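Hello,

Here is the structure I promised to pass on. Please open it alongside this note; my findings follow below.

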Amino acid sequence: MELISENSAFGGRHCRYRHGASTTQCEMTFAVFLPPFASKDNPVPVLYWLSGLTCTDENFMQKAGALKMASKLGMAIVAPDTSPRGEGVPDDPNKAYDFGLGAGFYVNATQKPWSQHYQMYDYVTKELPALIEAHLPVTVDKAISGHSMGGHGALVIGLRNPESYVSVSAFSPIANPSDCPWGKKALTEYLGPDTEQWKRYDASCLLAEKQHYIPLLVEQGRADEFLAQQLKPKALVAAAQKSDTALTLNMHEGYDHSYYFIASFIDEHLQFHASHLGLA
């Protein structure tokens with residue numbers, strides 16, 4: 001881990017690191033907020049935040065307004081990048097924003113040329129937590145959240161790994177990627193045309209197949225320009241009803257897809273996770 005930058009914030013520390021990642025076979029960057037008094041003798045639990053299309057590790061930390069509440073609660077936040085990057089990492093040949101660099105979709109790609117580097121699922125669920133827990137003053141207790149593409153990632157990861165995360169939340173998630181343009185494009189390219197393989201990375205499919213007991217909280221704005229075509233929260237509700245899984249979906253009039261929406265409700269999500277991490 002190489003420290004790129006460090007800033008004081010709300011009595012704690014915001015740090016950016018880079019490291020050579022074995023899963024993605026490239027150099028990865030991530031950000032960490034450590035609250036006051038986090039130390040080897042006083043480790044703290046972690047919220048992992050997964051960002052959306054075009055984002056890096058910096059968007060959430062700078063725009064969400066989450067650090068003050070995280071400091072108060074005694075919670076660390078880890079924000080990875082949204083894709084592998086660097087020389088030799090393939091990108092969408094048309095440089096589209098919704099695929100390739102900045103758009104890893106938190107899957108393990110199986111199709112060439114993506115499969116060599118685009119192993120974001122393993123990076124987020126295995127390599128990064130192991131690195132964080134080995135080198136920073138945190139416990140093994142963790143929750144996960146995200147926005148848009150990152151909301152999709154958080155839901156999928158939480159539903160597939162309930163033994164590893166105590167709670168899951170999402171803002172404006174891509175709830176049913178098997179049935180929306182963003183998801184169909186990414187899943188076809190990364191995983192191939194077999195739609196059965198897509199279901200492992202579709203929160204609505206995972207939610208419908210069995211009852212889940214991990215706490216689930218979703219926030220969605222009714223003025224979101226991507227609501228009907230790309231996000232499809234109704235699919236998530238129908239899936240939860242089918243499996244008799246408890247799901248809280250809050251719909252908000254007037255709110256769009258931006259970080260203004262996230263900043264408006266991030267404190268409630270941090271408190272939600274804190275209650276399951278034993279902090280509140």
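**Salt bridges and cysteines**

Glu-253 counts as exposed, at 61% relative accessibility. Keep in mind that this is a predicted model. Glu-253 has a charged partner: its side chain meets that of Arg-222 in a salt bridge, 3.0 Å from N to O. The two sit in distant parts of the chain, 31 residues apart. Arg-222 is in the loop between strand S8 (216-221) and H8. Glu-253 is in the loop between strand S9 (248-252) and helix H10 (259-277). Arg-222 is partly exposed, with a relative accessible area of 43%.

How many salt bridges are there? The count comes to 14. Two other pairs deserve a look.

Start with Glu-58 and Arg-16. They form a salt bridge, and their closest N and O atoms are 3.8 Å apart. This pair also links distant parts of the chain, 42 residues apart. Glu-58 belongs to helix H1 (residues 58-63), while Arg-16 belongs to strand S2 (residues 12-21). Arg-16 is buried, at 17%, because the cut-off for buried is under 20%.

Next, Asp-179 and Lys-232. Their side chains meet in a salt bridge of 3.2 Å, N to O. Asp-179 lies in the loop between strand S7 (168-171) and helix H5 (181-191). Lys-232 lies in the loop between helix H8 (227-231) and helix H9 (233-243). The pair therefore ties together parts that are 53 residues apart in sequence. Both partners are partly exposed: Asp-179 has a relative accessible area of 36%, and Lys-232 has 23%.

Salt bridges that share partners join Glu-2, Arg-18 and Glu-27.

Now the cysteines. How many disulfides are there? The count is zero. A disulfide needs two cysteine sulfur atoms within 2.5 Å. Cys-180 has its closest cysteine sulfur in Cys-205, and that one is 11 Å away, again too far for a bond. Cys-55 is buried, with a relative accessible area of 7%. Cys-180 is buried as well, at 1%.

Best wishes

Definitions and conventions
Residues are numbered from 1 along each chain as its sequence is written. This is a predicted model: local features need pLDDT of at least 70, side-chain atom pairs count only at pLDDT 80 or more; totals for chains, interfaces and linings use all residues. Side-chain values use heavy atoms; hydrogens and water are left out. A salt bridge is a side-chain nitrogen of Lys or Arg within 4 Å of a carboxyl oxygen of Asp or Glu. Helices (H or I, at least four residues) and strands (E, at least two) are DSSP runs, numbered from the N terminus. Buried means under 20% relative accessible area, exposed over 50%, partly exposed in between (1.4 Å probe, protein chains only).
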